Structure formats: C-alpha cells, structure tokens
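Q: I have a structure open and would like to go through it piece by piece. Can you help me read it?

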Amino acid sequence: MKKYTKFLRTVKSITTVTLGLILIISSTSPIFAAKRDKQYIAKQISNFRVDGDIREWERAEAVAFDELKDAGAELPKASDFSGKGRVAWSAKDPTRIYFLVEITDDELQDINPHNSKWWEDDSVEFMFDFDNEVVRAALVQWTLGANGKDLSAAASADNTEWALSKNGNNYIYEVALDPTKPRGPNPGNPNSGKNFKAKDGLTIGFSFHMNDCENGQREHQIGWIAGNAWDALAFGDLTFDKEFLDVEPLGKVALTWAAIKQ
Ligand SMILES: [Ca+2]
Ligand SMILES: [Ca+2]
Ligand SMILES: [Ca+2]
Ligand SMILES: [Ca+2]
C-alpha cells in the first residue's frame with residue numbers, strides 16, 4: 001500500500017511539473033501565430049519599378065476583389081466594377097510593401113475635394129494591422145484616389161510612390177507604401193508600423209479593397225476580405241516569403257557572358 005501511495009505521489013509530481021512546463025512554454029512563445037481566415041503569401045520581386053509597366057508582376061498571385069465590405073447589397077456586374085490585387089516585396093527594400101491593383105469601372109466619381117470624404121470618391125484602400133493586435137485602434141489605412149492624384153488617410157507623398165494608368169474603363173495602380181515614413185493628415189493609428197521591416201516569415205494583418213462610387217454615392221466597398229473595413233477581425237494574413245518571382249531571361253544571358261569573359 002505504501003508503495004502504491006508513493007507511486008501515486010510520483011505520478012502527481014510528474015503531472016504537475018509537466019503542466020507547469022507546458023504553461024511556461026505557451027506563455028513565453030515568442031512569435032504571434034497569426035492565423036486569419038485568408039492568407040496572401042507575398043514573394044520577392046527584385047526588379048520592381050513604379051512605372052505602370054507591370055511585367056515584373058507576371059508570376060505574382062492575383063486575388064479577386066469580390067467580397068462586400070461597408071457598402072453594397074449585392075455584388076456589381078463585372079462591367080460596373082471588377083478588380084483584383086497582388087502583393088510583393090524585396091528584402092533589399094524592406095520598409096516598403098509593393099502592390100498591383102487592376103480595376104475595371106465604368107464611371108469615375110471624383111466629386112469631393114482632396115481630403116474630404118475620400119471614401120465617397122472612387123479609390124483603392126490598403127489597410128494594415130502591423131503588430132497583429134487585432135483591435136480597431138491598431139489599424140492604419142492608406143487611400144489612393146482613382147483620379148491619380150489624391151492621397152488620403154495615412155497616405156502621403158512621403159510614404160507613397162504610385163503610378164495610376166488608365167485605359168478606357170481599366171485602371172492599373174502600381175504602388176509602393178513605406179509605413180516608416182511620415183503619415184498623411186488622417187492616419188488612424190499614427191504609430192503602428194513605424195518600425196516596419198519585412199523579412200522572410202513575417203506575418204501582418206492586411207486588407208485591400210476599392211470604394212466603388214457612382215451617382216453621388218459609394219455604391220460598393222469591395223475587396224479581398226468580407227466584413228467591415230475597420231473590423232480588425234475582417235483582415236487576412238499577409239506573410240512575406242523569400243522566394244523570388246523575377247522573370248529575367250536577359251539577366252541570365254548577361255551573367256553567362258560575364259562568366260565566359262573571366
Ligand atoms: Ca513596374
Ligand atoms: Ca461602376
Ligand atoms: Ca476627390
Ligand atoms: Ca465608379
């Protein structure tokens with residue numbers, strides 16, 4: 001009987017120690033394991049240029065803007081509005097995030113002056129939860145007008161390099177955002193992302209979408225993730241991955257010639 005009691009005590013102490021260890025390990029886990037419903041894995045482009053020539057994006061995954069957010073009862077017809085977006089980065093330019101957004105829209109609405117009701121003019125929005133805080137107060141928003149000029153919310157000439165090319169009803173936004181640079185006049189959280197530096201394996205919260213406006217109002221807000229724009233839960237995981245997407249056959253030829261010359 002004594003032996004049995006001793007055995008029970010031993011089992012009890014082993015269990016206590018194991019549980020304690022599990023608690024210690026889980027509470028000191030160093031990385032926030034962001035796991036939102038959608039994930040975009042951004043890969044590297046080393047030959048990125050903001051110039052409206054989008055050939056460097058050829059191999060980047062495109063995601064459709066087909067989820068309603070703050071405005072719209074049902075999805076628009078493709079001729080009224082359709083859109084898609086891509087994301088990329090480069091470890092040599094780690095404070096910036098690159099975007100390509102391609103939109104088809106039959107009517108350009110630009111009825112509000114700069115920095116007034118920018119969400120009621122056609123515009124694309126990029127939103128971030130840089131520190132995975134998953135609360136509204138942590139969110140930051142960049143808004144770029146379809147007139148090719150207006151930078152609103154956190155967007156400023158300091159932190160946004162962009163080219164908007166328009167061909168009939170088709171708009172192409174080529175964009176590089178730098179969260180470490182000074183923010184625009186309506187920044188949301190002014191500090192979140194100030195120390196941003198992309199690296200392989202980093203995950204942040206992300207959403208991008210379009211304010212599709214016409215007839216004096218915002219008819220749809222539509223993008224990658226369903227749910228309200230300022231709902232921190234309605235974001236996806238944006239994960240940076242070291243793989244390169246470059247398409248540079250000419251570069252390879254040049255390298256071969258250089259090797260031969262040596
Ligand atoms: Ca380009
Ligand atoms: Ca439209
Ligand atoms: Ca405007
Ligand atoms: Ca429109």
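Q: Which residues does D121 touch, not counting residues up to four places away in sequence?
A: D121 touches Q109, D110, I111, N112, G145 and C213. Touching here is contact, meaning that the C-beta atoms, placed from the backbone, lie within 7 Å.

Q: Is this an experimental structure or a predicted one?
A: This is a predicted model, in which local features need pLDDT of at least 70, side-chain atom pairs count only at pLDDT 80 or more, and totals for chains, interfaces and linings use all residues. Residues are numbered from 1 along each chain as its sequence is written, while chains are lettered from A and ligands numbered from 1 in the order in which they are written.

Q: Back to D121, where is it?
A: D121 is in the loop between β5 (97-105) and β6 (123-129). Strands are DSSP runs of E with at least two residues, helices are runs of H or I with at least four, and both are numbered from the N terminus.

Q: Is D121 buried or exposed, and why?
A: D121 counts as buried because it has 23 C-beta neighbours inside 10 Å. The cut-off for buried is 20 or more other C-beta atoms within 10 Å, exposed is 12 or fewer, and partly exposed lies in between, with C-beta atoms placed from the backbone.

Q: How far is D121 from Q217?
A: They are 96 residues apart in sequence, and their C-alpha atoms are 7.8 Å apart in space.

Q: New topic: which residues of the largest nonpolar core touch the most other members?
A: Those are A88, Y98, F99, L144 and Y173, out of 51 residues in that core. Strand β5 gives the most to this core, with 6 residues. A nonpolar core is a set of buried Ala, Val, Leu, Ile, Met, Phe, Trp, Tyr and Cys residues joined through C-beta atoms within 7 Å.

Q: And what does L144 touch, again leaving out residues up to four places away?
A: L144 touches S123, V124, L151, A155, W162, Y173 and V175.

Q: What about β13 and β1, parallel or antiparallel?
A: Strand β1 (residues 39-44) and β13 (residues 236-244) pair in the parallel sense over 5 bridges.

Key: Pairing = 2+ DSSP bridges. Contact = placed C-beta atoms within 7 Å.
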